[in-house]
Amino acid sequence: ALYIAFYDRPADQGGLNYWANTLASNGGNVQSILQNFANSTEAQNLYGTITPSNVGTVINQIYEDLFNRGVDPTGLQYWTNVYDTNHMSPGVLAYDILQGALAANNTDTQTIENKIQAADVFTNTVGQNYSDSTMPIAKDFINQISSSTNVANITPTTVMQYPLEALYIAFYDRPADQGGLNYWANTLAS
């Protein structure tokens with residue numbers, strides 16, 4: 001969930017292993033790694049430094065990344081007040097928004113839960129082949145997941161098919177036919 005909140009993408013296997021080990025060595029204390037996530041180049045490129053003048057923009061970006069929607073006026077006011085009171089980093093703000101959504105039991109909760117499940121399949125499927133060149137595909141993939149996504153249909157094959165759909169359109173100027181899609185997905189998976 002932290003990768004989705006901080007980086008707007010599924011975790012890469014190496015990074016996931018690193019952070020899981022770091023978290024375990026800190027007794028499972030998430031707070032111990034939040035600043036490292038927030039201060040990473042990737043998170044800084046996504047959110048920048050949060051200030052009173054851009055807090056609304058940062059909150060809206062966090063909402064877009066987590067829930068595929070902009071922040072509503074009530075949420076914007078609430079989280080702006082939280083920021084003004086606590087002067088938190090974008091990382092802590094993103095984590096608090098994530099935790100609030102997970103506790104809310106609404107469509108935002110379902111979107112996050114679906115993204116987490118889809119991200120797990122993506123990370124496990126792509127494995128060590130995840131690189132800087134696959135990050136745009138990973139981001140696009142996770143941003144297609146919503147509260148209505150049937151995550152039972154997300155399998156290693158559908159993960160491999162995802163970038164193939166874009167390649168078919170780019171090279172052939174048409175959607176992929178199912179036979180070709182299956183062929184190339186199975187070829188890539190093997």
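Colleague: Which residue follows α7, and what is its phi?
Modeller: This is a predicted model, in which local features need pLDDT of at least 70, side-chain atom pairs count only at pLDDT 80 or more, and totals for chains, interfaces and linings use all residues. Residues are numbered from 1 along each chain as its sequence is written, and side-chain values use heavy atoms, with hydrogens and water left out. Helices are DSSP runs of H or I with at least four residues, and strands are runs of E with at least two, numbered from the N terminus. After α7 comes Asn-105, with a positive phi near 55 degrees.

Colleague: How far apart are the end C-alpha atoms of helix α7?
Modeller: The expected span of a helix is 1.5 Å times one less than its number of residues. Helix α7 covers residues 90-104, so its 15 residues should span 21 Å. The end C-alpha atoms agree with this, at 21 Å.

Colleague: What covers the buried residues of α7?
Modeller: Buried means under 20% relative accessible area, exposed over 50% and partly exposed in between, with a 1.4 Å probe and protein chains only. In α7 the buried residues include Leu-93, Ile-97 and Ala-101. What covers the buried residues of α7 includes α1, α3, α4, α5, α6 and α8.

Colleague: How many residues has the largest nonpolar core?
Modeller: A nonpolar core is a set of buried Ala, Val, Leu, Ile, Met, Phe, Trp, Tyr and Cys residues joined through side-chain atoms within 4.5 Å. Among the residues with the most contacts inside the largest core are Phe-37, Leu-66, Leu-93 and Ile-97. Elements giving two or more residues to this core include α7 and α9. The number of residues in the largest core is 48.

Colleague: Is Ser-40 buried or exposed, and which residue's backbone oxygen does its side chain reach?
Modeller: Ser-40 lies in the loop between α3 and α4, and counts as buried because its relative accessibility is 16%. The side chain of Ser-40 comes to 2.9 Å from the backbone oxygen of Phe-37.

Colleague: Which residues does Thr-123 touch, not counting residues up to four places away in sequence?
Modeller: Thr-123 belongs to helix α8 and is buried, with a relative accessible area of 3%. Contact means heavy atoms within 4.5 Å. On that basis Thr-123 touches Pro-10, Ala-11, Asp-12, Gln-13 and Leu-16.

Colleague: How far apart in space are Ala-152 and Ala-118?
Modeller: Ala-152 sits in the loop between α9 and α10 and is exposed, at 61% relative accessible area. In sequence, Ala-152 and Ala-118 are 34 residues apart. In space, C-alpha to C-alpha, they are apart by 9.1 Å.

How values were computed. Polar contact = N/O pair within 3.5 Å; in protein donor to acceptor, adjacent residues only side chain to side chain.
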